[in-house]
Amino acid sequence: MNLLRWLYALTISLSAFLLFVVEPMVAKQLLPALGGSSAVWTTCLVFFQTVLLAGYLYAHWASSKLSPMRQADTHILLLLVALLTLGVKVRPHTLAISYHPAITVFWLLSAVIGIPYFALSATTPLMTGWYARSFGGESPYKLFALSNFASLLALASYPVLIEPHLTMRQQTALWTPAFFLFAVLCGAIAWSGRAYPSGLTAQVSESTSILEAEGGRRKAASGNKLMLWFLLPMGGGMMLAAVTNHLSQNIAAIPLLWLPPLALYLMSFIVTFQGSGWYRRPVMLRLAMLVLASMTYALLDIRRLLPLEISLPLFLVGLFLICFFLHGELYARRPAPEGLTRFYLLTAAGAAAGTMLIGVVAPVVLSANYDLPCTLAVVAAIALAAVWRDGWGARIVWTAAMLGAIFVVHAQLRQYHDDTVAAVRNFYGTLRVKESNLPPQSDTNRQLLNGTIEHGAEWFAPQYRDKPLTYYAPDSGIGLSLRLCCRGGPKRVAVIGLGTGTIAGYSGVGDLIRFYEINPLVERLARQWFTYLRDSKAQTEVVLGDARVSMGAEAPQHYDVIAVDAFSGDAIPVHLLTTEALALYRKHLQPGGIIAFHISNRFLDLEPVVAGIGRDAGLEVVAVDTPADEARGFYSTDWVLVTSNEDFLRNPEVSAAIPLRRRSNVKTWTDNYSSILPVLKWRFK
C-alpha cells in the first residue's frame, strides 16, 4: 500500500508539473499570431482556468454518477484520446487575429492542447477522491497542496532552466513522452481501483473525532458555505489577474512579470491546504486588512508613481496575503471526503469566474484599467461575507474597506478623464490621448499612452507642427536612416508599430510609408488626434495585423528603410527579433537598405540580440544612442541599425555609431529558441 501511496503522489505531481509547464510553452507559441501583448498571457490564463473548471466538473460527474469500474474505464478512454491529439497544429486566421484576438486565443489553445490539458486538469480532484476511497481515514487535502507545489516548481523552472537551455522543439519533444508516462501511471491507478465497491468504504466514514481534528464537519454544506466555496476562490482569481495586469501595464513592462503573481497565488494554496495550521485567522484578518488598505491608498492617485522598489513588493506581498486569507477561509470550510469533488468543482468555478471577469469582461465593460481597485472592492465584500458571523466590529471594518475601494474607483474614473481627450480599451490594453499646455513652448501637447507607457506625442505650436518628437530626433538612429538613406530621392519605408505616426514627419513628396499595426484602436486615435498621418507629404498606408503575418503574405516591397518599433510596450514581441524575422525583413529590403530597431527599454538590453541575428546574417550592426533634449521634446533613445550599406556607415553624421559584436552569453534568437532571462536588466533605471 505504501507503493500505491507513492504512485498517487508521483502521478499527481507529474500531472500538475505538466499542466503548468505547458502554459508558458503554448502561450509563447501564440506570439507570431498575436503580437506579444501581455493581454495574451491574461487571456491564456482565462483559458487555463476555464479548462481546469471543465476538468473538475468532469471529475465531480464521474465521482458522483459512475461506479468505480465505470470511472476507471471512462478516464482511461479520455487518456487515450488525449494521447491521440498530441502534436496537433493549427494556423490562425488573420481576420480572427485582428478583430477577435481573445477568441483566437481560445480557439488555438483548444485545438492544440485542449484535450490533454483537460485530462491533466481532472487528475487532482479525481485522484484525491480515489485516494480517499483507497486509504480511508487519511486526509486527501495534502495531495492538493502537493499538486500546487509541483505547479509552482514548473513555473519557476521554465524561465530559469527550461527556456534558456531548450528550443521549442526540444521542449515539446520532452513534454510529449512525459505526458505519455503520466497517462500510463494514471491509467494504472484507475485500473487498480476498478475492484472497489461503489461509494466510500467504511474506512472513509471517519469518526467525529477525526473530522474535528481535521477541522471539517459531517453535516452537508449549507447554502452559505456553498456560496463561499465559489466566492472565496473567485476573489483570489480576480486578484491574480488584476495584479498581473496592473504590474505589467501601469508599473513595469518587465517580461516574465506574470510569473511572480502566479507563483504567489499557488503558494497561498500550498501553505493553506497542506494542513499544518499555518493559517491563523485573527492574524490573517488584520494582515489582509492592512495590505488591502495599503494597496487602495497606493491606487488613489494614478498620477503619483511610487518607486519600483516600493510598488512591486507592495502589490506582490498584497496579492499573497489576500490570497492566503481567502484560501485559508476556503480551507477552513472544506467538507468531509464525500463532498470533495463538489468542493473542488466550486473552487475551480470561482477561480475561473474571477480570471474571466478581469481577463475577458473588464476590457469590454470598463473604458480604462480600473480592474485592481474594482477587485479590491469585491474582495472586501467577500471578506465581509466570510466574517459576517464575527460580529459588528468585523462587519464595520470590512464595510469601510469596501467603501474605501469604491471611493478609489470613483477617484480613478475622475483622474483618467483629467486632461484626457480620448480613452478607449480593447484586448491590447487601455489607450489614452492626454492634452496639456506643458511645456509652454508646445502651445498644445498631445500624448498617446498605453497604460503608463508613452507611444508618441505632438506639439501644436506652429514651429513644431508635424515635427517628429520623443524617440525620433533627427540625430537618432531612425532620423539618420530616413534622412541619409536615399540621397534626397523618394524612399519606401516600412514601420512596424504605428504609435502616433511620428515617422511620417520625415516624409517627402513621392515617398511611401507603410505602417504595420496590430491594434486597430491605435490607427483610429492616430488619425483623429494627431496630424502626422493626415499632413504627411508621402503616401501613407496602415496595414492592420501582426507585422510578420502581414509581411509574410506580401510580395517583396523593396523598402529602403524598415523601422522595427515595437519593443517599448507592455511586452516584448520576441518573434520580431529572430533570425527568421530578419530574413523576412531582408526579403522586403532594397540592396543596401537599412533595418532600424528601436530598443529603448528600461528592463531589457536588446543590443546583443540584434547583434546576434545581424552578424549571423553577415550584416554590419551599429548602435546609435541619442541623449535627451527636453527643450525640443526629444527623449534619450537607443536604436540599432543593421545594414550592408558601407557608404551610409561612412557618412560623417553616422560616424558616432558604435559597432556591435555578438556576445557569447546570449544565444541567437530564432523562432525555435529565445530566452528573456539573459538580457534582463537587473538594475532598472
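Is Glu329 buried or exposed? Glu329 is buried, with a relative accessible area of 1%. This report starts from that residue and then moves through the rest of the chain. The model is a predicted one.

## Overview

The chain has 685 residues, and 60% of them count as buried. It holds 23 helices and twelve strands. Its accessible surface comes to about 27,100 Å². Carbon and sulfur atoms account for 62% of that surface. Take the contacts between residues at least 6 apart in sequence: 76% of them join residues at least 24 apart.

## Salt bridges

A search of the whole structure finds 15 salt bridges. One of them joins Arg281 to Glu329, with the closest N and O atoms 2.8 Å apart. This pair links distant parts of the chain. Arg281 sits in helix α13 (residues 281-298), and Glu329 sits in helix α14 (residues 308-332). The two are 48 residues apart. Glu329 is buried, whereas Arg281 counts as partly exposed at 26% relative accessibility. Both belong to a network of salt bridges that also links Arg333 and Asp390.

Asp605 and Arg663 form another salt bridge. Asp605 lies in the loop between β9 and α22, and Arg663 lies in the segment after β12, so the pair ties together parts that are 58 residues apart in sequence. Asp605 is partly exposed at 22% relative accessibility. Arg663 is also partly exposed, with a relative accessible area of 37%.

Arg650 counts as exposed at 58%, while Asp647 is partly exposed at 45%.

| Salt bridge | N to O distance |
|---|---|
| Arg281 and Glu329 | 2.8 Å |
| Asp605 and Arg663 | 3.1 Å |
| Arg650 and Asp647 | 2.6 Å |

## The open sheet

Eight strands form an open sheet with mixed pairing. Their order is β7-β6-β5-β8-β9-β11-β10-β12. The edge strands are β7 (539-544) and β12 (658-659), each pairing on one side only.

Strands β8 and β9 run parallel and are joined by five bridges. Ala563 has Ala596 in β9 as its bridge partner.

Strand β10 (residues 620-626) has five of its seven residues buried, so the rest of the structure largely encloses it. Seven bridges join β10 to β11 (residues 637-643), and these strands run antiparallel. Val624 pairs with Trp639 of β11. Two bridges join β10 to β12, again antiparallel. There, Val622 has Pro659 as its bridge partner.

## Helices

Helix α21 (residues 579-587) has four buried residues named here: Ala581, Leu582, Leu584 and Tyr585. Seen down the axis of α21, they fall within an arc of 160°, so they line one face of the helix. These buried residues pack against strands β5 (492-496), β8 (559-564) and β9 (589-598), and against helices α20 (547-552) and α22 (607-616).

Phe144 lies in helix α8 (residues 141-162). Phe144 is buried, with a relative accessible area of 6%. Beyond its neighbours within four places in sequence, Phe144 contacts Tyr56, Thr124, Phe269, Phe273 and Tyr344. Phe144 and Ile12 are 132 residues apart in sequence, yet their C-alpha atoms are 8.6 Å apart.

Leu357 belongs to helix α15 (residues 340-365). Leu357 counts as partly exposed, at 34% relative accessibility. With Met356, Val360, Val361, Val364 and Val365, Leu357 makes a nonpolar surface patch of about 470 Å².

## Backbone details in loops

The peptide bond from Leu438 to Pro439 is cis, with omega near -5°. Pro439 lies in the loop between β2 (429-436) and β3 (445-450).

Asp466 is not a glycine, but it has a positive phi of about 70°. Asp466 lies in the loop between β4 (453-459) and α18 (477-484). Asp466 is partly exposed, with a relative accessible area of 22%.

His558 also has a positive phi, of about 60°, although it is not a glycine. His558 is found in the loop between α20 and β8. At 43% relative accessibility, His558 is partly exposed.

Notes
Residues are numbered from 1 along each chain as its sequence is written. This is a predicted model: local features need pLDDT of at least 70, side-chain atom pairs count only at pLDDT 80 or more; totals for chains, interfaces and linings use all residues. Side-chain values use heavy atoms; hydrogens and water are left out. Buried means under 20% relative accessible area, exposed over 50%, partly exposed in between (1.4 Å probe, protein chains only). The arc is that of the directions from the helix axis to the C-beta atoms. Contact means heavy atoms within 4.5 Å. Patches are made of residues with over 30% relative accessible area and no salt bridge: like charges are joined within 9 Å, nonpolar side chains (Val, Leu, Ile, Met, Phe, Trp, Tyr) within 5 Å. Accessible areas come from the Shrake-Rupley method with a 1.4 Å probe; for residues, only the protein chains shown count as cover. A salt bridge is a side-chain nitrogen of Lys or Arg within 4 Å of a carboxyl oxygen of Asp or Glu. Two strands pair if DSSP finds at least two bridges between them.
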